[in-house]
Amino acid sequence: QGAWDYLLKPLQDISVLKHAVDKAFERKRLLEENRLHKEFLEDAVRQRTQELEQKTKDYRESKRNLQGFFDDLIDFIFVLDMDLNILAANSIVFDRLGYSNESLLSMSVSELFPADRQDEIVTLMKEVEKGKQAQCVSNLATQDKQEIPVEVKVLQGFWHGAPALFAISRDITERIQVEQAQKMLNQSLEDRVARRTVQLEKVNQ
């Protein structure tokens, strides 16, 4: 790399030689310290980069897992701001209600319920802000104006760091059908008992 210093001959003072040697060693020491410091910084940057890449990978994996769990739920799930505007929903909402992402995210959740129940739904959901439980049975409207009977529960939480409401609506179509079938069966049994009772009364007369 070339000379770091030079001396003129004849050498008149040994201290000049000592100074030149000390200066050369000092420069060598500084260069070595600089090399070690540079390697330390490179290792630190490389380690920090690896940590950030791993955290990013873990975050993305966690987000995928959460989104997968969110989308696999069979309930209709709506994430709402405190004014009841829809911020997000799981896949079944779009699949079964038929709304596009753009149209749904421009709506208030109350618009998904029958007109004569919307005020009630708004009042109910606002009760959650007061720490009360919110639950009711109503109908969700699909884009083509069909209605799906649901049991609605509302919870309060956070979404991206801001206060939010989570409206969980469960399709109770089968439950209603079972209840109706049970009611018809009970009515049929009561009618049969009534007819049998009349027959027995006639026989005993």
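Let's start with leucine 104. Setting aside neighbours within four places in sequence, leucine 104 is in contact with Ile86, Ala89, Val93, Phe94, Tyr99 and Leu112. Keep in mind that this is a predicted model.

Where does leucine 104 sit? Its place is in helix α3, residues 101-104. Is leucine 104 buried or exposed? Buried means under 20% relative accessible area. Leucine 104 has 0%, so it counts as buried. Now take leucine 87. Along the sequence, leucine 87 and leucine 104 are 17 residues apart. In space, their C-alpha atoms are 8.8 Å apart.

Next, the sheet. Strands of a sheet pair through backbone hydrogen bonds, either parallel or antiparallel. Which is it here? The pairing is antiparallel. Five strands make an open sheet, and their order is β2-β1-β5-β4-β3. At the edges are β2 (86-89) and β3 (134-141), each pairing on one side only. From one strand to the next, the twist averages 30°.

Look at one pair. How many bridges join β4 to β5? Ten, between residues 147-159 of β4 and residues 162-171 of β5. In that pair, valine 152 stands opposite serine 169 of β5.

Last, helix α4, residues 118-127. Helix α4 lies across β1 (76-80), β3, β4 and β5. It runs at about 145° to β3. Which residues of α4 are buried? They are Ile121, Leu124, Met125 and Glu127. These residues cover an arc of only 150° around the axis, so they lie on the same side of α4. And what do the buried residues of α4 pack against? They pack against strands β1, β3, β4 and β5.

Technical notes:
Residues numbered from 1 in each chain as written. Predicted model: local features only at pLDDT ≥ 70, side-chain atom pairs only at ≥ 80, totals over all residues. Heavy atoms only, no water. Pairing = 2+ DSSP bridges. Helix = DSSP H or I, 4+ residues; strand = E, 2+ residues; numbered from the N terminus. Axes fitted to C-alpha atoms, helices over the stretch in contact; angles between N-to-C directions. Contact = heavy atoms within 4.5 Å. Buried < 20%, exposed > 50% of the residue type's maximum accessible area, 1.4 Å probe, protein only. Arc of directions from axis to C-beta.
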